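Subject: Structure handover

Hello,

Here is the structure I promised to pass on. Please open it first, then read my notes beside it.

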Amino acid sequence: FHIPCNDTTIILESKNYRRKFKMSAVTANQFNLTYDVLSFSLATMMATTIFLWMRVPSCADRYKSALIISGLVTFIAAYHYMRIFNSWTEAYAWSDGAIVATGVPFNDAYRYMDWLLTVPLLLIEIILVMKLSAEETTSKAISLGSASALMIIIGYPGELFRDEDDLTPRYFYWAGAMIPFLYIVKELLVGLRDVTESEEDPKTRGLIKMTQIWTVISWCTYPIVYLFPMLGITGANATVGIQLGYSVSDIISKCGVGLLIYQVTMAKSAAIKSGNSDEARLLN
């Protein structure tokens, strides 16, 4: 087992195999910045989860599922950020006042495992607060959930291609993942437009529109971050840039959308209690 601390290449050898991991040599400032952002992301996800779940009793029964799922999204993300944070601190260590690779590869696959669970749930929480029948809700949840899972599955292999001499495979995977991505964007902004406009309360209608737009805007940041290595950002700068970019995107899309869903559920719950909604009239 050999680790040259002053090099970016780590060789792991045993009797039966030999594997080579390419580790980017990060500076102390890069390490600390990524450390702080990952820590902040973890704390933000945990705080949002606690807030959303504590507000569930104040929500009308019909919309409790949406609020619970919103908290579940940030809870799952918090768990995976803990794993990403631990992996980052295990991959690098301080030695004589400098940051060196420890020989433990940084495992960023946790992020994709997180997205595979949370992205479909995020779409489902939006669907659950809209005026859809049970059949329409199930249909939209399946179609959008499947498309989002396909997007993540296609995109992950491309994330592994970081060879600066040939990033062609990364382009192909990026383009492939954009197909289900664009389908989801179309559904959120166009396919569900009539359902959104059917909301009687202007405030609720505006909140749902904001949720859809905020989701699309926040999601558009992910393909941009994915492109960093193809935009001439290399080595440690690419590694750190990807971690920072994805972390900010996650906070905006998970915590931001979750808090918007909370506002929608509270607005609809208030309308039900006051009797000024279709749901209230059906209950009466």
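This is a predicted model: local features need pLDDT of at least 70, side-chain atom pairs count only at pLDDT 80 or more; totals for chains, interfaces and linings use all residues.

**Salt bridges**

I began with the charged pairs. Side chains of opposite charge can pair when their charged atoms come close. The count here comes to 10 salt bridges.

Start at Lys209 and Glu197. Their side chains meet in a salt bridge, at 2.8 Å from N to O. Lys209 sits in helix 7, residues 202-226, and Glu197 in helix 6, residues 193-197. The two are 12 residues apart, and the pair links distant parts of the chain. Lys209 has a relative accessible area of 32%, so it is partly exposed. Glu197 is partly exposed too, because its relative accessible area is 41%.

Stay with Glu197 for a moment. Lys131 is 66 residues from Glu197 in sequence. In space, their C-alpha atoms are 9.8 Å apart.

Next, look at Glu199 and Lys268. They form a salt bridge whose closest N and O atoms are 2.7 Å apart. Glu199 lies in the loop between helix 6 and helix 7, while Lys268 belongs to helix 8, residues 235-274, so this pair ties together parts that are 69 residues apart in sequence. Are these two residues buried or exposed? Both Glu199 and Lys268 are buried.

Then move along helix 8 to Lys254 and Asp250. Both residues lie in that helix, 4 residues apart, which is about one turn. Their side chains meet in a salt bridge of 3.1 Å, N to O. Lys254 has 3% relative accessibility, so it counts as buried. Asp250 is at 0%, so it is buried as well; the cut-off for buried is under 20%.

**A buried histidine**

Asp114 turns up again here. Its side chain is joined to that of His80 by a polar contact of 3.5 Å. His80 is found in helix 2. With a relative accessible area of 8%, His80 is buried, because it falls under the 20% cut-off.

**Surface patches**

Now turn to the outside. There is a nonpolar patch on the surface, formed by Trp53, Ile68, Leu72 and Phe75. Together these residues have about 340 Å² of accessible area. Where does the largest share of the patch come from? Helix 2, residues 61-91, supplies it, with 3 residues. Leu72 lies in that helix. At 31% relative accessibility, Leu72 counts as partly exposed.

To find it, go to the loop between helix 4 (134-159) and helix 5 (168-191), where Asp165 has its place. Asp165 has 75% relative accessibility, so it counts as exposed; the cut-off for exposed is over 50%.

- Lys209 and Glu197, the pair between helix 7 and helix 6.
- Glu199 and Lys268, the buried pair.
- Lys254 and Asp250 in helix 8.
- His80 and its polar contact with Asp114.
- The nonpolar patch, including Trp53 and Phe75.

Over to you.

Best wishes

Notes. Residues are numbered from 1 along each chain as its sequence is written. Side-chain values use heavy atoms; hydrogens and water are left out. Buried means under 20% relative accessible area, exposed over 50%, partly exposed in between (1.4 Å probe, protein chains only). Patches are made of residues with over 30% relative accessible area and no salt bridge: like charges are joined within 9 Å, nonpolar side chains (Val, Leu, Ile, Met, Phe, Trp, Tyr) within 5 Å. Accessible areas come from the Shrake-Rupley method with a 1.4 Å probe; for residues, only the protein chains shown count as cover. A salt bridge is a side-chain nitrogen of Lys or Arg within 4 Å of a carboxyl oxygen of Asp or Glu. A polar contact is a pair of N or O atoms within 3.5 Å; within protein, one must be able to donate a hydrogen and the other to accept it, and residues adjacent in sequence count only if both atoms are side-chain atoms.
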